[in-house]
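I am opening a notebook on this structure. I will look up its cores and its salt bridges, one entry at a time.

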Amino acid sequence: MAPAAALYQRVLRQRPGHADALHLFGVLHAQAGALEEALPLLTKAARRAPRNAGYLNDLANVFNGLGRLDEAVVRYRRAAALAPANADIRYNFGHALRAAGRTVDAVEWFEKALAIRPDHGSAQSELGLAFLEIGRAEDAVAALRRAVALNEDAAVGHSDLGNALQVIGALEEAEVSLRRAIDLDSQLAAARANLGNVLQDLHRVEETEAAYGEAIALDPEYAAAHANLGNALRRFGREDEAVASLERALELKPENATYRANLGMVHVARGDVAAALDCFGRAAERRHGPPLTPDRLTQRAERPAIPVAPFKLQHDAEQIRRLCAEGRIDPSFGKIADTYEQVLAALPCDAPPDEPIALDDREWRRIAPAYNRPLHLPEAPAAAEGAVNPDLDTDDIERAYRESAPNLVVVDDFLTPDALERLWRFCLDATVWYQVKRGYLGAYLVDGFGTALSLQIAGELRARLPAIFGPHRLEQLWAYKYDSGLQGIATHADFAAVNVNFWVTPDEANRDPASGGLVVHKAHAPSDWAFRTYNADSARMARFLEEAGDEPVTVPYRRNRVVIFDSDLFHRTGDLDFRPGYENRRINVTMLFGNRGER
C-alpha cells in the first residue's frame, strides 16, 4: 500500500482536484479498512466527476460500510441510473436496501442484477435470503437452489438452502443440505446451528443439543445458537438450562427483543410470572420505545418509513380520542388523532382500508413521532379471587373434549365477571395494537399484551383442565381486534397442540347472533404439510377440504364464550357484522398450548 499511497499523495500535491487520484487513493484506504479516511477522498472524487458511476458506487460502498445506509442508498441509486447495464451496482444497491430493512425494495434490485448477469452468485444468494425475510419461502428455496447450482462447493450456500427448506417443512432434505455444508466446511458454525433447528423440528433431542453445542464450540459468541439452544431446552422441559442459554444470548445481543421475549416464555414455564412480565415489558420497550410524553411529539423522529393501513390509522385515532375524553392521557395527544385523520383524508378515496399504503416523506414525518409508539400502558393485575369461573364443571368439559370427534368443546361464562370486564377494558385502553393484519390488528406478548391477568388465565386453564392440556405449556398468547367494516382471519391451522379462543366484546355489538364467532372444520391438517401450507396456502387448503367433503362446525359469537379445540383443525373467523364504533370492535384472545409434534 505504501508505494501506491506515496504516488497518489505526490499527484494530489501537484493537482489537488485530480479525480482519478482522489478516487484511487480513497479506494486504497477503503481496501485497508480505513473507511473514515477514505470517505472525504471519495466524496471529493464524486464531486469532481458527478456522472462517474464507478466513483459513486465506491463512495456508496464506504457509506454502507460505515452504517450510513440512507446516504449509501442515494449514491447507489444515482450510480444505477448512470450505468444501466452494471449488475454489480444493482447488487450493491439491493444489499444496502436489505441492510436498511427495505427488503421488498431489495428484491427488485437483486432481480435487476440477475436480469443483467444470471450467474451473479451473490445476487442470487441474497435474493433467496430476502425472499425468506419477507415470507416467500418457496421462492427463497428456488433462488437458493440456483445459487447452489452456481457454486456447488460453497458451504454457506448449502447452509442457507437448508435453512429455507426447514421453513417450508422439507426437513429431511434440509438435513441433507446442512450436512453437505458441514462436510464442505467443518468450521461453519451457522450450518451446525441451522442443523440444530431442523433436528429440533424432527424431535431428535440429543442430536439437537449436540448440533447447537458444536456451533457454540466453534463460535462461543454466536448469540443465535445460544438463543435457539435455550428455546430447545425449554421445549425439552429443561428450564433452568434454558434460562442460562438465553441469558448468555442476551449478554451478546442485549438489544434483541425476541431473545428477551423467549426468556419470558421460559419464566412462564417455570411459573415465575414477575420475571416473565419483566422480560415481556423490556422486549416491548425495545421494539416500540418507552411511553410517549407530550414533549416528544414535537421532536423529529428519524424512523424508516413503513406502509400504513388506513383502518389502522382510523383505529388509533378513535382510541386516542377516547383516552383523551376519559382523561387517561394528556389532552395534547389529541393532536395525534387530528394528524392521523388528516393523513387519512389525503389518501386516495378508492384505497382499500386494509391494504398498507406507502406514505410520501412529508406525510410519514407527520405521524412518525407517535405511530406504533406506546401512549398508554395500563396495569392488568391478576384477579385476587381467580380469573376462570370457579363454577365451571371441569369434569364435564374434559369429558366433552375427549369424546368429541374432532376434539372441540364450547364453554360459556368462561371468566369471572370481574376478570372479563378488566380484560376488555385493558384491550380498549392499552395502545399496544401494533401488528397490522388483513382487516384486524394484533397485540402480542412482545408488544405489551403480556399482563399478569392474561398469564393468570392461561395458568388456571392448565391447572383446571389437566386432561385436555396435560404436559402442553403455553407457547403463544395474543389478542386480535377487528374493524367493523372488514372480515376476519381466513382458513388456517396452527403449529400447536391445543387452541383456546375466547371473546370479550359485549354481545350488543354483534348484529348477527348466529355468526361472528368461529368456523371449525372437522378435517385435520395433513401431518406432512409444512407450517406455511396449513397456515397460509388458501388455495391448497380449499382443495383439501373440498376433497374431504368437510362439514364445518359453526360456533356463534358470544361474549365470554371460549372454544377449546385441537390445533390441527382448520378454522376461520365467522362472517362478521358488528356495529360501528370503537367499543363495538370484535376482540378475541387466543392462546396456543404445546407443539404440533407433541399431539
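Which residues does Ile564 touch, leaving out those up to four places away in sequence? I looked for contacts, meaning heavy atoms within 4.5 Å. I found Tyr401, Asn407, Leu408, Val409, Leu461, Leu465, Ile468, Phe469, Val498, Asn499 and Val500.

A note on the source. This is a predicted model, in which local features need pLDDT of at least 70 and side-chain atom pairs count only at pLDDT 80 or more, while totals for chains, interfaces and linings use all residues. Residues are numbered from 1 along each chain as its sequence is written, and side-chain values use heavy atoms, with hydrogens and water left out.

**Cores.** I searched for nonpolar cores, which are sets of buried Ala, Val, Leu, Ile, Met, Phe, Trp, Tyr and Cys residues joined through side-chain atoms within 4.5 Å. Buried means under 20% relative accessible area, exposed over 50%, and partly exposed in between, with a 1.4 Å probe and protein chains only. The largest core holds 79 residues. Phe502, Ile564 and Met591 have the most contacts inside it. Helix H22 (residues 417–429) gives the most to this core, seven residues. Helices are DSSP runs of H or I, at least four residues, numbered from the N terminus. In soluble globular proteins, nonpolar side chains tend to be buried together.

**Salt bridges.** I counted a salt bridge where a side-chain nitrogen of Lys or Arg is within 4 Å of a carboxyl oxygen of Asp or Glu. The whole structure has 47.

I checked Arg235 and Asp201 next. Their closest N and O atoms are 3.9 Å apart. Arg235 sits in helix H14 (residues 223–235) and Asp201 in helix H12 (residues 189–201), so this pair ties together parts 34 residues apart in sequence. Arg235 is buried at 19% relative accessibility, and Asp201 is partly exposed at 26%.

Glu251 and Arg248 form a salt bridge at 3.0 Å, N to O. They are three residues apart in helix H15 (residues 239–252), so about one helical turn separates them. Glu251 is exposed at 57%, and Arg248 is partly exposed at 29%.

Arg366 and Glu363 pair at 3.5 Å, N to O. Both lie in helix H20 (residues 361–367). Glu363 is buried at 11%, while Arg366 is partly exposed at 31%.

Last, I noted a network of salt bridges. It links Arg322, Glu326, Arg328, Glu421, Arg425, Asp429, Arg559 and Glu583.

Technical notes: Helices (H or I, at least four residues) and strands (E, at least two) are DSSP runs, numbered from the N terminus.
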